[in-house]
Amino acid sequence: MSYPKTQLNEDDNMIDLCGKWKVTDDGGEFKFEGTVPGTVQGDLVNLKLMPHPYIGENEKLFRRLEEKSWEYSKDFEVKKLDKRYYDLVIEGIDTLAEVYINGAFVGKCEDMFIGYRFPVKDLLKTGKNTIRVKILSPIKVPKTLERNYGKLYAGEESARVYIRKAQYSYGWDWGARIATSGIWKNIYIEERDDAYLEGSTAYLEDINTVKVTGYVRAVGDRDYTVKVLVDKKEIGQFQVRAGFNGYLFEGKFERGNLELWYPKGYGKSALHNFEFKLFDGEKEISSEKKRIGLRTVKIIQEKDAEGESFIFEINGRRIFAKGADWIPSDNILSWLKDEDYYMLLNMAADANINMLRVWGGGIYENEKFYEKCDELGITVWQDFMFACAEYPDNLEWFRELAGKEARYNVIKLRYHPSIVLWCGNNENNWGFEEWNYNHRHNGEHLGNVLYLQDFPKICAEEDPSRPYWPSSPYGGSMANSDEAGDRHVWNVWSNWVDYKGYLADKSRFVSEFGFQSAPDPKTVDFFAKKSEKEIFGDVMVRHNKQVEGPERIMKFIHNHFGSVKNFDSIIYLSQINQAEAIKTGVDHWRERKYRTAGTLYWQLNDSWPVFSWSSVDYFKRPKGLYYYTKRFYAELLPLVKNDGDELRVIVVNDSEMVEGRLELELWTLSGKKLVEKSYDVRIPSDSVLNVDNFKVSESIEESIGFVRLKAGSKVFENHEVFANFRRTKLEDPHIAFEKSGNTLTIKAEKPALGVRITTERDEILEDNFFAISPDHPKQIKAPKSDFKIFSMYDFLK
Ligand code: BMA
């Protein structure tokens, strides 16, 4: 028996309270059978009592629901009360709640990110019992607090800083405003006779020494020990003793030949089956089973000519972080299934992503998320859930609650090798310096005591196995400076700068940069009728949450392509612009390895169907950027770049030494080959190799470059657009294709760009949105359903 329940076997040591509950609101408007875990908003839509919030302008109908309080109630049976302890365990409640059993007050919940546990034996009786959970309005209470304590800087809904609830649920520049209410995680009564384990973990103290530790809760006055098994082999039995935050066990053993855990692309992500068994004398009374990977992690911060490095080092190896930022995958979290997590994370891994940043305006993710990242070797930069605001840590209760939340989540998640960093918040320190976040307490910015004192202390106490970083961005002379630490690069896009602007950037680690695009056309069809497909129309503007988001989309389309044909062209061209933009940044920063040591683009996923910075839309349909990601994050990246009067040919290698053949071609858009070269290359491990520099006699202004590296059985491709499509009109590339068996071969007579295959059914293809050189037909696995092939030419006027 252990906590949380997600690890419980279906046994008789609990009374499960999940399932159907009666739900009513305080206004007497709704009365329905709700589902737990769940949310009232999710139920209301599922039961068709409210329309789907993601269609048309329906989102706005959900705003008034925020004002309501809700009551959940359920009868349940208790067969016998013969155990010593009966704890009501609520793994998560959204958010402010009062709990009653058989009419008696049990306790209060005030943080959606904390699991609650209340002893309830005295309140239970054998036979029928009733539990009642009153959930208070998630807007009225914070608004009252705001009136009492003062308005802080927090963008659109400033009251959100007074409630420990996912901050994006009050609306974000990519997210709907749906402030949910509900019992969003498991709820049950745990029956026990004795103590139990919590937060057992194992980590490397140094590369050869494994440390094991964990808490033992509810101890009696007895002699407890904890036996630890690794892959079924016992490695030791350790005494339980009083520690500063409760009883605990601690021990060490030699790693010996236990394999290490590496991020994807750097070795195997080996996981070991750890079993922690709590004994009272000879009797086993509790156990935790966890799959744990062993690795060391630090950030190399060393002075150099450009300032100070910021390089993740795992097991002594430098890592170039290739990734994206992760937001909650739904506005109604109760709609997410394990499969949604698996699919998105598999997609990320297939696209060669080795790091995701769990952004601070969302949630500490579902256990399944981290388990899958452990398995796939995707490292996680984990923010604490504080974003784009000042937070009232001047209030003692708030500071205490924030600390409790941090400690709870660190203890819960610390066994995951994938998490390589705890980070205090998203952009708050940047705000202190550059966005007039000027409220202070005892001279300190509001929130900063948490990020600079409390959180690092909690992390050091509970989890010495990974570094802590105060904020994202942070480091250097200013939080968002480029000479040290991480940086969010938003001059491009948000400040209306076009994407060539990335080329001047010298960030040491780019933890955010992004460019918006439309979702997949089928996703647009989900929320908009034909008559609503107008980029500045009400429905489209509602589905682009950034102020002047649509304006930027159109500006950059006009910049690059001139006038637009129709709405389909906007969808397509916005995706091409986005993909080319992010590629421009990544190509540039990867070439700077390790002066820049990571690129996390904003953002991998979406929380509803929307125009946003994501590479995969709400329905997990890949955008052009997704397929580009696969190529620009591959272990080998060939590049051809224009330095003004010379072309430069480069290969970036993140893996072992490779020998291969590099081919380069330059074509005009009208189909004239300007250059053809090839090189035998030997690319040292973990390197950036300058292959060639040369002058081209003819103008390259109307051309496109293709680079192709053949290494063993693998081919790594890249292209570089030198032409300006507004000046040089694309000509019809005359695309032809042939399907034989499982292979699709696509040919073009002239350079074809942005070749897009659309399929009848949703399919993730081996490749898509690629460029084709007339000399090199493209071969991919054939789609399974009917398909059509387009290229950029079809979408331009
Ligand atoms: C960053 C993020 C988010 C935001 C994104 C796009 O600042 O941290 O707050 O959604 O940019 O504007």
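Student: How far apart do the C-alpha centres of domain 4 and domain 5 lie?

Tutor: In this predicted model, the C-alpha centres of domain 4 and domain 5 lie 22 Å apart. Domain 4 spans 635–722 and domain 5 spans 730–797, with bounds from an automatic or database domain assignment. The contact (heavy atoms within 4.5 Å) takes 14 residues from domain 4 and 12 residues from domain 5. Residues are numbered from 1 along each chain as its sequence is written. Local features need pLDDT of at least 70, side-chain atom pairs count only at pLDDT 80 or more, totals for chains, interfaces and linings use all residues, and side-chain values use heavy atoms, with hydrogens and water left out.

Student: How much area is buried between domain 4 and domain 5?

Tutor: The size of an interface is often given as the accessible area lost when the parts come together. Here the buried area (accessible area, 1.4 Å probe, lost by two parts on being put together and summed over both) is about 1000 Å², and carbon and sulfur atoms give 65% of this area. On the side of domain 4, Trp-667, Leu-669 and Phe-706 supply 43% of the area buried against domain 5, more than any other three residues.

Student: How many salt bridges does the rule find across the interface of domain 4 and domain 5?

Tutor: A salt bridge is a side-chain nitrogen of Lys or Arg within 4 Å of a carboxyl oxygen of Asp or Glu. The rule finds 2 salt bridges across this interface. Lys-778 and Glu-717 meet through their side chains in a salt bridge, at 2.9 Å from N to O.

Student: Which strands supply the side of domain 4 that touches domain 5?

Tutor: Strands are DSSP runs of E, at least two residues, and helices are runs of H or I, at least four, numbered from the N terminus. At least two residues each come from β37 (658–668), β38 (673–683), β40 (703–711) and β41 (714–721). β37 gives the most, with 4 residues.

Student: Where are the cis peptide bonds and the positive phi values?

Tutor: Most residues other than glycine have a negative phi, and most peptide bonds are trans. A cis bond joins Val-36 and Pro-37, with omega about 0°, and Pro-37 sits in the loop between β3 (31–36) and α1 (40–46). Another cis bond runs from Trp-602 to Gln-603, with omega near 15°. Ala-218 has a positive phi near 60° and lies in the loop between β14 (209–217) and β15 (224–230).

Student: Is Ala-218 buried, partly exposed or exposed?

Tutor: Buried means under 20% relative accessible area, exposed over 50%, and partly exposed in between (1.4 Å probe, protein chains only). Ala-218 counts as partly exposed because its relative accessibility is 33%.
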